[in-house]
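Visitor: Could you walk me through this structure, one piece at a time?
Guide: Gladly! Have a look at it first.

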Amino acid sequence: MCERKPIGKTNKVKEQPETFSEIEAPYERPLIEERYEIINGARYYLSPSPGLDHQLLATKMSSVMHDVCQSNGIVVVAPMDVHLDKDNVLQPDVIFISNENMHIVHGQKIEGPPDLVVEILSPGSGKHDKINKKAIYEHFGIPEFWVVDPPHETVDQFVLGEGRYHLHGTFSEDHSLTSPKLACVHIDVKALFQEKIEYRQ
């Protein structure tokens with residue numbers, strides 16, 4: 001971390017400024033920032049960082065989605081805030097925004113519901129991802145929501161219908177994951193988990 005030396009003050013390493021007005025230029029912002037989500041106005045801190053299985057799956061999922069859907073939209077991986085409103089700012093693990101929905105991208109921000117969000121479960125995150133975040137995604141009308149379960153090597157696919165999520169299917173290594181909302185999606189679930197399996201052997 002670079003040490004910031006304000007004029008007229010004792011030199012100290014300052015990881016978190018008290019106000020943004022203390023920062024004179026974007027490149028002077030602290031290198032370490034706390035990550036958090038806002039759900040119904042409450043702040044949920046995202047720490048510690050995800051484990052290796054989680055990150056391998058996030059990388060693989062984003063790569064596969066890019067391969068099959070790159071001409072249909074953009075794939076974004078966390079950390080990336082999705083601003084649904086001022087009281088709900090979430091960071092899905094993987095985000096897909098179709099070409100038709102690109103109006104939700106404003107400069108460097110996503111402001112509105114994407115076409116698909118993916119959450120990869122970590123130890124202790126199940127309740128938060130499958131209940132709290134699912135309810136918010138449903139409320140704001142995100143058409144499709146996937147929950148990836150690393151220990152069980154499954155993907156639960158929830159599809160929005162009449163304002164509610166319905167479990168469209170649970171996919172394992174014997175399945176190919178397709179989407180009723182996104183025609184470009186065709187994912188070999190066994191291949192999705194293969195890298196996680198191989199590094200453990």
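Visitor: How many of the five residues of strand β6 (residues 94-98) are buried?
Guide: This is a predicted model, so local features need pLDDT of at least 70 and side-chain atom pairs pLDDT 80 or more, while totals for chains, interfaces and linings use all residues. Residues are numbered from 1 along each chain as its sequence is written, and side-chain values use heavy atoms, with hydrogens and water left out. Strands are DSSP runs of E, at least two residues, and helices are runs of H or I, at least four, both numbered from the N terminus; buried means under 20% relative accessible area, exposed over 50%, and partly exposed in between, with a 1.4 Å probe and protein chains only. V94, F96 and S98 on one side of β6 are buried, as are I95 and I97 on the other, so the number of buried residues, by that cut-off, is five.

Visitor: Which residue in β9 is the bridge partner of I95?
Guide: Two strands pair if DSSP finds at least two bridges between them. Strand β3 (residues 73-77) pairs with β6 in the antiparallel sense over five bridges, and strand β9 (residues 116-120) is joined to β6, also antiparallel, by three. In β9, the partner of I95 is V117.

Visitor: At which residue does helix α2 bend?
Guide: Helix α2 (residues 126-139) reaches 19 Å from its first C-alpha to its last, close to the 20 Å expected, where the expected span is 1.5 Å times one less than the number of residues. A bend is the angle between axes fitted to the seven residues ending at a residue and the seven starting there. In α2 this angle is about 35 degrees, at K133.

Visitor: Is S179 buried or exposed?
Guide: S179 sits in the loop between β13 (176-178) and β14 (186-188). Leaving aside neighbours within four places in sequence, S179 is in contact (heavy atoms within 4.5 Å) with E144, Q157 and V185. Its relative accessible area is 11%, so S179 is buried.
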